[in-house]
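Here are my notes on this entry, kept brief. Please read them with the structure open.

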Amino acid sequence: MSTKKILLIVGGCFLGLVLLFAGSMLFAKLLFSDKDKGFVSGPGIGLVEVKGMIADSSEPIRQLRHFAKKDSVKAVVLRIDSPGGVVGPSQEIYEEVRKLAARKKVVVSMGSLAASGGYYIAAPASVIYANPGTITASIGVLIKFSNLEGLFGKLGGSSTTIKTGSFKDAGAPDRPLSPEERAMFQSLIDSTHEQFVKAVAEGRKLPVDEVRKIADGRVLSGEQAKALKLVDKLGNLPDAVEEAGRLAGISGEPSIILPPKKKVDFFEMLAEGAEGKFNGVLNKAAVGRGLQVTYE
């Protein structure tokens, strides 16, 4: 086969790959376009869902901000079905809900579970709905440590730590906490707990002392939470949507507007995959030391 034919074949294959890649990118752009699913020409109610453990705030924040900018979205229903999660992301979502509620009505609909961090993000809403049997509240903070010193001894293992400060390896699993370390972590927990209490008091417009009385980690049913003013009304998701429409001044049954899907950037996905693996290693190391402070 001549060199010219080889070059033509190679060039054709390369051109084919380029066209295939371009077609894939175009298809992905069309598939994950920024159009609202279920979007209607008239006014409607935006729906944002938070399900499962709260470990990352980026997607709920993206959706809340999207609806904040949409003039056609007159109010937002925040559907929560979560046992709580990490402190930082819960606080970030709380802040975004608070800012949106200052511009548009935000109605929370609690599913089977909206406890701890799940309740935290609901607190600043305009109105909170829960089912009578919804498990909610659990206003508290915890941090867990594992002491594997006995296990290491039985296995004949040992470890050596070189550190820059007396607290740098606090919570290490190969030894118990010292009194000073326990006091440090208790101070951390107390500070984070007080933030939770103040956030609930501000969001629910309740006296701080009143919230503090029930901020001992207790779980409540939706019915109990309503009696304690942590929830406004008892009802399901359709009730919350109807309430949002009424507050927004929409006559008749309001239309539901779902948030747009997140656009896919393949290069970003590759970068996030690498970053995720790196962060996974760091998280495992942190969890090994018990340094994950959570609203649970």
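1. The model is predicted. Every value here is computed from it.

2. Aromatic pairs overall. The whole structure holds three aromatic pairs. Tyr94, Tyr120 and Phe196 are joined by ring pairs into a cluster.

3. Tyr120 and Phe196. These two rings make a tilted pair, with 4.7 Å centre to centre and 45° between the planes. Tyr120 sits in helix α4 (residues 117–120) and Phe196 in helix α6, so the contact ties together parts 76 residues apart in sequence. Tyr120 is buried, at 4% relative accessible area. Phe196 is buried too, at 0%.

4. Phe145 and Phe185. This pair is also tilted: the centres are 4.7 Å apart and the planes make 55°. Phe145 belongs to the loop between β6 (135–137) and α5 (149–155), while Phe185 is in helix α6, so the pair links parts 40 residues apart in sequence. Phe185 is buried, at 7%; the cut-off for buried is under 20%.

5. Second largest pocket. Its volume is about 210 Å³. The lining has 13 residues, and Pro124, Ala125, Ser126, Gly203 and Lys205 lie nearest the centre.

6. By class, the second largest pocket is lined by six charged, five nonpolar and two polar residues.

How values were computed: Residues are numbered from 1 along each chain as its sequence is written. This is a predicted model: local features need pLDDT of at least 70, side-chain atom pairs count only at pLDDT 80 or more; totals for chains, interfaces and linings use all residues. Side-chain values use heavy atoms; hydrogens and water are left out. On a 1 Å grid over the protein atoms alone, a cavity is a set of points where a 1.4 Å probe fits but cannot get out, and a pocket is an open set with protein on both sides within 12 Å along at least five of seven lines; lining residues have an atom within 4 Å of a point. Grid points are joined across faces, edges and corners, and a volume is the space filled by probe spheres set on the points. Ala, Val, Leu, Ile, Met, Phe, Trp, Tyr, Cys and Pro count as nonpolar, Asp, Glu, Lys and Arg as charged, and the others, Gly among them, as polar. Rings of Phe, Tyr and Trp (its six-membered ring) pair if their centres lie within 6.5 Å; planes under 30 degrees apart count as stacked, over 60 as edge-to-face and the rest as tilted. Helices (H or I, at least four residues) and strands (E, at least two) are DSSP runs, numbered from the N terminus. Buried means under 20% relative accessible area, exposed over 50%, partly exposed in between (1.4 Å probe, protein chains only).
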